[in-house]
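Work through the exercises below with the model open. Try each task before you read its solution.

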Amino acid sequence: MSEREEELRLLKPLTVESRGENASALLRQLPELMRELLRSDQPSMIDLRAIPLSSWDHERLHEVLGEGGVSAAVALDEGVTIEVSQSAIPGIWWLEHLDEEGNLIGQYIEVSYCPEALITAVEDVDDGLELLRARLFASDYLRG
C-alpha cells in the first residue's frame, strides 16, 4: 500500500469539521502507527491539511501531543523550509512546510524514529566528503 493510500485509509472517517472529534479520532490512530513503526520500522505521515480540523481539533492535538525538546529548520532548494519539532511523545513529530514568505503550505504529523526531513541523503554525504577533502587540502591540514 502506498503512503498516500495509507493516509487515505487512516483519515477516511474524518470528513466533517468538528469541535475536537476529528482530533480525537486521529489521536486514537496514533498508537497503531507507533506499533507499526516498532514492528516493521515503517514510518507514517499524516497530512493535517487534508483533514477538516477546526481550531478545537488543533488545540486538542497540541494538548495531548505537546512539544518535545528537539526542533530544527531545514531549508530546501525550492525555497521551502521544513520546521520539524518533536512532540512530547517520543516517535511523534510535528512538521510544517513554509514557502519563501513564511506562509504555511503543509502541516504534518510524522510517526518515525527520526523525521525523513532530517535524514541526510547519501548523495549529500558524498558531496560533503568531497567538500571536506577540499577544505582540508586548502587549509593545509593534509600537507603537514
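**Exercise 1. Find how many bridges join S1 to S5, and which way the two strands run.**

Solution. Step 1: S1 and S5 run antiparallel, joined by four bridges. Two strands pair if DSSP finds at least two bridges between them. Helices (H or I, at least four residues) and strands (E, at least two) are DSSP runs, numbered from the N terminus. The model is predicted: local features need pLDDT of at least 70, side-chain atom pairs count only at pLDDT 80 or more, and totals for chains, interfaces and linings use all residues. Residues are numbered from 1 along each chain as its sequence is written, and side-chain values use heavy atoms, with hydrogens and water left out.

Step 1: Take Ser44, in strand S1 (residues 44–47). Its bridge partner in S5 is Val111.

**Exercise 2. Decide whether Ser44 is buried or exposed, and list what Ser44 touches.**

Solution. Step 1: Apply the cut-offs: buried is under 20% relative accessible area, exposed is over 50%, and partly exposed is in between (1.4 Å probe, protein chains only). Ser44 has 10% relative accessibility, so it counts as buried.

Step 1: Look for contacts (heavy atoms within 4.5 Å). Leaving out residues up to four places away in sequence, Ser44 touches Leu33, Ile109, Glu110 and Val111.

**Exercise 3. Locate the buried residues of helix H3 (residues 55–65), and find what covers them.**

Solution. Step 1: The buried residues are Asp57, Leu61 and Leu65. They lie on the same side of H3, because their arc around the axis is only 45°. That arc is taken over the directions from the helix axis to the C-beta atoms.

Step 1: Turn to the face away from the buried side. Exposed Glu59 and Glu63 sit there.

Step 2: The cover over the buried residues includes helix H2 (21–40), strand S4 (92–98) and strand S5 (104–111).

Step 3: Gly66 follows H3 and has a positive phi, near 60°.
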